[in-house]
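Please keep the sequence and the 3D view open while reading.

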Amino acid sequence: MKTQEFKILGMTCAACVRTVEKSITKIEGVSSVNVNLMTEKAVIHYDSDKVQISDLKRAIQDAGYTPLDIEKIDIDQERKEKEIKTIWNQFIFSAIFTLPLLYIAMGPMIGIPIPSFLTGVENAMKMALTQLILTIPVIIAGRRFYLVGYKTLFHKAPNMDSLIALGTSAALLYGFFAMYQIYTGLQMGDMELVKTYAHDLYFESAATIITLISLGKYLEAAAKGKTSEAIKKLMGLAPKTAILINDNKEIEIPIEKVTVGDILLVKPGQKIPVDGVIIKGHTTVDESMLTGESIPVDKDQGDTVTGASINKTGAIYLQAMRVGKDTVLAQIIRLVEDAQGSKAPIAKMADVISGYFVPIVLGIAILTGGLWFVFGQSVTLALTMAISVLVIACPCALGLATPTAIMVGTGKGAEYGVLIKSGTALERAHKVQTVIFDKTGTLTKGTPEVTDIISVSNLSDIELLTLAASAEKGSEHPLGQAIVKYGEEQKISFQPVDNFQALVGHGIEATIQGKKIWLGNEKLMIDQNVAMEDRKEQVEKLAIQGKTPIYITNGEKVLGIIAVADVLKENSRNVIEILHRMDIETVMITGDNQKTAEAIARSVGMNRVLAEVLPEDKAEEVKKLQQEQKIVAMVGDGINDAPALAQADIGIAIGSGTDVAMESADIVLMKNDLFDVVTALELSHSTMRNIKQNLFWAFFYNSVGIPIAAGILYAFGGPRLNPMIAAGAMSFSSVSVLLNALRLKSFAPKYKSLSPKEEYDMKKILWIEGMSCQHCVKHVQQALEKVEGIQVIEVNLKKKYAMVNLEKEVEDKILSTVIKEAGYELKKVENDAK
């Protein structure tokens, strides 16, 4: 099965999308088609044994559209900018002729003077010819509506352009008919006939409809351009050139010419051109473009670096490992592009409706005109009603409702280091009821750390650490390395070690200053016949806290215990607390024994714990939770998490994890920050809310606008809708949907990690009286954010409190004053020292 992408020119609305999809789907051997109106792309999965690329292109052409091979993003952007400029020029050109046309056509009706040679019944033909002369350039400027509209109509797949073409054509034909009647009246001296048709030429309606819709198309195209800014920003990160080292010479070459294995020089302040490994030099690298982490990372010989990150301090030589489309940045761009081009399940309803929309509107327009005429109204009124129905109907709004929001939402996610792979994942994430966290490397740091030093002899804590760290210096075991690292941090003086021996599964044996010592687990103490009865209570206490005790003995008695644990990430508890406030159940999955697992789960605040789970059984545990009729998200980082990530409704891979885990996930978090799990869910909620708003207004607009255009108000003595107003309303509906989607660009995570510079000393909960709506929430938040040293975590309307982090102590009196000035009352302040 192969995948082929095409750029498709000529699509204007959801009906076009439906037509292209139907045409391609008819080909035997095509398994699936996804056509996106926003990105103007078709992604086709097909059997290459049965289908040729030429067959796919022909199907698109047969539907009335133009297929192009996928272009580079910058070329595509250039084409779009050129298209926007063309539409704007067409609008200006149309407006230059439409404004005087409206002036002379509408002037007599509202008492504005017009040239005398156009006034009076005797000058009716001059007036008609003048209006026609002013209308022709507008029709020429808007010829695309006719070329595309009639082409799709003849292909039996009418779209929005067909409605515009038919509506304005009807107005023009009636104008010519009116001119004929004026001519006949003047020839026969029937001035009453001339007077009747002189005011019903309809040329100004045709021209105004074309002009207003051209303006709408320009605004729509401009707004569409803004939705793809995330891709443009990512593209802008890539350096254009690299310095190649060849025969000890520095040669500046285009980035496209760098190949795997090339040796490149990167000077301080320059962007790293491609993914590679440092072979010479030391520096710090700003990786904020990838991770969002503002603190530069130290890099030394043998360390890997990522293309588009910034070399800060030293010159480095690197060997290119991944270039072109294989770099991390290129893969991120590709991932975001794919997500923006994908469809959410909620879009299917709009697609189905839009497939029938235009033919139904055509039917309603014909029926409307026929009924008004049958019930005794004039041909003019019947035609007016039919034209209004044709031009007010807007399949565009339906077609744009979902893809615009997905495009902005996934782009916004990329800005925050949250890569959402598809519209389906974006939609499904807002339904998540349970989040499963893998313990090691996800909730915890993934590297053991010393947590406790307990001396039970005449040795001080630092002497015990010196003894243990010196002995473990030659160990390769992670727990031993943790003790050595802690010793280095405490700046101890390491002592020389003789006769080091690793005792597999038990610990180590070493000689320091002529004395033997042993470090290890309980089994080692039993082997050495060292009594531990009086230490059991201490050891159990450590186990309950999820810590691993390492005994130190001289062969006669226990000298002390050093506890080591894979400690929790600083923000783990906060993230779990926030998820609970979002009414989401949290579950921890681990291979640890039940007692240790429960201790860790309790310390972080988990609802449930799944302990003693083998790596290969994680996916089965996810399935069991799904059988409880729950939408489950799985957060993990390791290779053994991949099956569970794939099994979950939403798989979320932490960015510090493996490529396999990221491949299996629906959402990839580029930063090693659990707060981004919350950000992903928040973004999903915001995007889905936006999509539902868009769909509501698209359906509401059409379901209300079409009956009004058909004359339902006029039938009961109300106003009649002018076709020109109908055209303006139609343009506004598409633009309003796009503008609403663009509101997502203001999305910002409600919760975020604090960098080391932002660490706070105090958390306070402020109980506030008087908040009654979301505006109140906003006022309180804005008021508190003005106070120096305060970061607002949450303002909860339902429970009437605000939670804040303080970088420095802020008096309660100041908080009370700020809340009072905002119009509310501070009832109580609760302190929670960190």
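Is Glu682 buried or exposed? The model is a predicted one, and in it Glu682 counts as buried, at 11% relative accessibility, because residues under 20% are placed in that class.

## Glu682 and its surroundings

Glu682 is found in helix 26. Leaving out residues up to four places away in sequence, Glu682 touches Phe747, Pro749, Lys750 and Tyr751. A separation of 292 residues in sequence lies between Glu682 and Leu390, and their C-alpha atoms are 40 Å apart in space.

## Helix 26 and helix 21

The helix that holds Glu682 also meets helix 21: the axes of helix 21 (residues 572–581) and helix 26 (residues 675–709) come within 9 Å and cross at roughly 25°. Angles under 35 degrees count as roughly parallel, and helix 21 and helix 26 are therefore roughly parallel to each other.

On the side of helix 21, the residues in this contact are Asn574, Val575, Ile578 and Leu579, and they meet Phe675, Val678 and Leu681 in helix 26. Sorted by class, the contact of helix 21 with helix 26 has 6 nonpolar residues, 1 polar residue and no charged residues.

An open sheet of 7 strands, with mixed pairing, has the order 14-26-25-24-15-22-23. Strand 14 (418–420) and strand 23 (608–610) are its edge strands, each pairing on one side only, and neighbouring strands of this sheet are turned by 20° against each other on average when direction is ignored.

Helix 22 (residues 594–604), for its part, lies across strand 22 (585–589) and strand 23, running at about 145° to strand 23.

## The largest nonpolar core

The largest nonpolar core has 138 residues, of which Met11, Ile24, Val30, Leu56, Phe437 and Ile667 touch the most other members. Helix 26 supplies the largest share of this core, with 13 residues.

Another open sheet, of 3 strands with antiparallel pairing, has the order 10-9-12. Strand 10 (297–299) and strand 12 (310–311) stand at the edges and have a single partner strand each, so one side of each is left without a neighbour in the sheet.

Strand 9 (residues 283–286) pairs with strand 10 in the antiparallel sense over 3 bridges; Thr283 stands opposite Lys299 in strand 10, while Thr284 stands opposite Asp298 in strand 10. Strand 9 also runs antiparallel to strand 12, to which 2 bridges join it, and the bridge partner of Asp286 in strand 12 is Ile310. Both faces of strand 9 are covered, with Thr283 and Val285 buried on one side and Thr284 and Asp286 buried on the other.

Which residues does Ser475 contact, leaving aside its neighbours within four places in sequence? Ser475, which sits in the loop between helix 17 (461–472) and helix 18, is in contact with Gly480, Gln481 and Phe500. Ser475 is buried, with a relative accessible area of 11%.

Lys491 lies in the loop between helix 18 (478–489) and strand 17 (497–503), whereas Asn499 is found in strand 17 itself. Lys491 has a positive phi of about 55° although it is not a glycine, and a positive phi of about 55° is also found for Asn499, likewise not a glycine. Lys491 counts as exposed at 73% relative accessibility, and Asn499 is exposed with a relative accessible area of 60%.

Definitions and conventions
Residues numbered from 1 in each chain as written. Predicted model: local features only at pLDDT ≥ 70, side-chain atom pairs only at ≥ 80, totals over all residues. Heavy atoms only, no water. Axes fitted to C-alpha atoms, helices over the stretch in contact; angles between N-to-C directions. Helix = DSSP H or I, 4+ residues; strand = E, 2+ residues; numbered from the N terminus. Parallel < 35°, antiparallel > 145°, perpendicular 65-115°, else oblique. Contact = heavy atoms within 4.5 Å. Nonpolar A, V, L, I, M, F, W, Y, C, P; charged D, E, K, R; others polar. Core = buried A, V, L, I, M, F, W, Y, C linked by side-chain atoms within 4.5 Å. Buried < 20%, exposed > 50% of the residue type's maximum accessible area, 1.4 Å probe, protein only. Pairing = 2+ DSSP bridges.
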